[in-house]
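Visitor: I would like to learn how to read a helix, a core and a ligand site. Could you take me through them one at a time?

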Amino acid sequence: MSGYKESLETSIVVASTRGHGERKTGAVNVPIYLSSTFHQESFDEFGPYDYSRSGNPTRDALEKTIAELEGGTRGLAFASGLAAISSAFMLLSAGDHIVITEDVYGGTFRFVTEVLPRIGIKHTFVDFTDLESVASAIRSNTKLIYIETPSNPCLGITDINRIVELAKANNCLTFLDNTFMTPLYQRPLDLGVDVVLHSATKFLSGHSDIIAGLAVTKDEELGKRLAFLQNSFGAILGAQDSFSLIQGIKTLSVRFEKSADSAQQIAAYLNNHTLVEEVYYPGLTSHPGYEIHAQQATNPGAVLSFRLPTQAIAKAFVESVQIPVFAVSLGGVESILSHPAQMSHAAMPKSEREKRGITDGLLRFSVGLENVDDLIADFDQALLVAAKLIEKVGI
Ligand SMILES: Cc1ncc(COP(=O)(O)O)c(C=O)c1O
């Protein structure tokens with residue numbers, strides 16, 4: 001034993017090229033196996049692949065890569081982040097109850113509130129920064145505690161260790177949506193989480209070109225149950241998108257590190273601007289989750305949210321910026337500005353949104369790879385336009 005431990009940056013490249021790449025030819029890019037079915041050499045002994053819903057060599061390479069990067073034993077690739085999340089919820093049965101963070105992605109909120117109750121699975125939303133409330137929400141039929149940290153869009157931080165402790169004491173599974181961190185910056189399985197979920201549409205793929213989801217488990221038995229659900233539910237990722245996602249993962253560390261450095265500077269800039277009422281970014285020491293995040297993750301990431309006084313001012317700002325695209329989604333090479341109240345969280349009723357701080361003046365910013373000084377200059381001129389609007393019509 002040399003005692004040498006490979007860094008995540010190295011693992012990313014090795015796992016996605018040599019680790020699980022093409023072994024017969026040595027190609028550093030895994031081939032795209034566009035085949036729905038596979039010829040069997042023997043009448044009664046089948047090879048490793050029979051039908052691409054159940055298993056495809058390109059998807060396999062991706063699944064092995066994400067399992068290795070998250071420190072798991074089984075990775076599974078789905079047609080979208082929500083397909084991964086909803087398939088994982090199928091581990092539950094009628095009569096079960098979920099305790100879930102109230103600061104959760106709007107699509108997860110929609111599935112938990114509008115689909116699961118129809119099949120007899122109930123839920124309680126709780127503020128996960130208040131551990132006593134989490135403990136008192138657990139019932140005898142609670143089977144799952146669902147975490148998203150940092151959360152979308154207010155970057156709320158949950159203490160993963162403490163929630164895992166509570167879950168284990170009550171025989172509950174834990175799921176964690178790791179979309180905002182990726183395994184580069186946070187590895188929940190190492191902290192005892194049972195299922196890690198990703199919208200791989202975001203930083204993992206990184207080019208705003210595919211919709212994809214991933215789930216990873218450490219426990220082999222749980223991995224088998226989830227693989228069974230993946231095949232039964234059938235929402236698998238196709239071979240071409242699996243290939244694109246592997247290519248995206250290869251450059252994750254350089255993309256994400258540059259974007260996160262810029263995010264830190266932009267958060268500091270916004271935090272000092274008089275028109276900005278609040279900045280949500282776990283890299284600011286003023287963020288209530290700053291210390292917990294620093295213990296469980298290695299970087300605050302590349303997404304921040306900030307509150308302008310009203311929707312009209314947010315609109316003036318969005319209409320004045322030149323560089324970012326105004327769009328749903330995050331984690332691309334291009335900076336993406338979004339308005340959660342009308343976009344990612346439109347599925348949540350206004351009263352629920354406001355309880356969570358998702359006001360009409362809140363904007364979310366996913367920092368891309370543009371020059372950070374250009375981004376700050378662009379924000380500066382757009383905030384000036386917004387300030388002039390206030391001078392003219394008031395708040
Ligand atoms: C934190 C988080 N989880 C899950 C999802 C859903 O993923 P997808 O859009 O890939 O289905 C999103 C999408 O925005 C997200 O931001």
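Visitor: Which residues on the other side of H8 are exposed?

Guide: This is a predicted model, in which local features need pLDDT of at least 70 and side-chain atom pairs count only at pLDDT 80 or more, while totals for chains, interfaces and linings use all residues. Residues are numbered from 1 along each chain as its sequence is written, and side-chain values use heavy atoms, with hydrogens and water left out. Helices (H or I, at least four residues) and strands (E, at least two) are DSSP runs, numbered from the N terminus; buried means under 20% relative accessible area, exposed over 50%, and partly exposed in between, with a 1.4 Å probe and protein chains only. On that side of H8, the exposed residues are Glu 220, Lys 224 and Phe 228.

Visitor: Which residues of H8 are buried, and why do they line one face of the helix?

Guide: An α-helix has 3.6 residues a turn, so residues three or four places apart point the same way. In H8, which covers residues 220-233, the buried ones are Leu 222, Gly 223, Leu 226, Ala 227, Leu 229 and Gln 230. Viewed down the axis of H8, these buried residues fall within an arc of 160° (taken from the directions from the helix axis to the C-beta atoms), so they line one face.

Visitor: Which residues touch the most other members of the largest nonpolar core?

Guide: In soluble globular proteins, nonpolar side chains tend to be buried together. A nonpolar core is a set of buried Ala, Val, Leu, Ile, Met, Phe, Trp, Tyr and Cys residues joined through side-chain atoms within 4.5 Å. The largest one here has 83 residues, of which Phe 89, Ile 98, Tyr 146, Phe 175, Leu 197 and Leu 245 touch the most other members. Apart from that core lies another, of 30 residues, among them Ala 263 and Phe 317.

Visitor: How many residues surround the ligand?

Guide: A residue is counted as near a molecule or strand if one of its heavy atoms lies within 4 Å of it. By that rule 13 residues surround the ligand, and the closest are Leu 82, Asp 177, Ser 199, Thr 201 and Lys 202. An N or O atom in the side chain of Ser 199 is 2.8 Å from an oxygen atom of the ligand, and for the side chain of Thr 201 the corresponding distance is 2.7 Å. A polar side-chain atom of Lys 202 lies 2.6 Å from an oxygen atom of the ligand.

Note on methods
The expected span of a helix is 1.5 Å times one less than its number of residues. A polar contact is a pair of N or O atoms within 3.5 Å; within protein, one must be able to donate a hydrogen and the other to accept it, and residues adjacent in sequence count only if both atoms are side-chain atoms.
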